[in-house]
Amino acid sequence: GEMDRLYAGLKAGEFPAILEELKEVSATLGRTVTVLSGGEEIVGKALGFDEMGGLIIGLADGSLRVAYSGEIT
């Protein structure tokens with residue numbers, strides 16, 4: 001998925017190119033997103049990224065989930 005590719009790029013040291021993509025992905029920050037990750041559907045508000053590049057998602061019950069891979073819609 002997109003996050004897998006971004007994460008692999010970060011590990012490979014492709015930070016400038018990845019930063020541009022993260023800016024595009026960050027356009028989703030503050031919006032409600034659906035992430036399909038490992039057969040699970042996570043629905044919540046995109047809040048930011050953690051130090052590993054995972055997307056931090058705030059769920060309706062107030063808890064946080066971090067998606068490191070998956071399709072974001």
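In the predicted model, strands E3 and E4 pair in the antiparallel sense, and four bridges hold the pairing. One of the facing pairs on these strands consists of Leu55 and its bridge partner in E4, Ala67. The hairpin that E3 and E4 form has five residues between the strands, and in this hairpin Gly62 adopts a positive phi near 95°.

The pairing of E3 with E4 belongs to an open sheet of five strands, which follow the order E4-E3-E2-E1-E5 with antiparallel pairing. E4 and strand E5 (71-72) stand at the edges of this sheet, and because each has a single partner strand, one side of each is left without a neighbour in the sheet. The partner of E5 is strand E1 (residues 32-37), to which E5 is joined by two bridges in an antiparallel arrangement. Within this part of the sheet, Val35 stands opposite Ile72 of E5. In general, the strands of a sheet pair through backbone hydrogen bonds, in either a parallel or an antiparallel manner.

The largest nonpolar core is made up of nine residues, namely Met3, Leu6, Val33, Val35, Ile42, Ala46, Leu55, Ile57 and Ala67. At least two residues of this core are supplied by each of helix H1 (2-11), E1, E2 and strand E3 (55-58). Leu55 and Ala67, described above as bridge partners, are both members of the core. When residues up to four places away in sequence are not counted, Ile57 touches, among others, the core members Val35, Ile42 and Ala67, and its contacts also include Val43, Gly44, Leu64 and Arg65.

The structure holds one salt bridge, which is formed by Glu40 and Arg65, with the closest N and O atoms 3.0 Å apart. Glu40 lies in strand E2 (residues 40-49) and Arg65 in strand E4 (residues 64-67), so the pair ties together parts that are 25 residues apart in sequence. Glu40 is partly exposed, its relative accessible area being 34%, and Arg65 likewise counts as partly exposed, at 30% relative accessibility.

On the surface, Met52, Val66 and Tyr68 form a nonpolar patch, whose accessible area together is about 260 Å². Tyr68 is placed in the loop between E4 and E5, and with a relative accessible area of 42% this residue is partly exposed.

Note on methods: Residues numbered from 1 in each chain as written. Predicted model: local features only at pLDDT ≥ 70, side-chain atom pairs only at ≥ 80, totals over all residues. Heavy atoms only, no water. Salt bridge = Lys/Arg side-chain N within 4 Å of Asp/Glu carboxyl O. Buried < 20%, exposed > 50% of the residue type's maximum accessible area, 1.4 Å probe, protein only. Pairing = 2+ DSSP bridges. Core = buried A, V, L, I, M, F, W, Y, C linked by side-chain atoms within 4.5 Å. Contact = heavy atoms within 4.5 Å. Patch = residues over 30% accessible without salt bridge, like charges linked within 9 Å, V, L, I, M, F, W, Y side chains within 5 Å. Areas by Shrake-Rupley, 256 points an atom, 1.4 Å probe, with all protein chains shown as cover.
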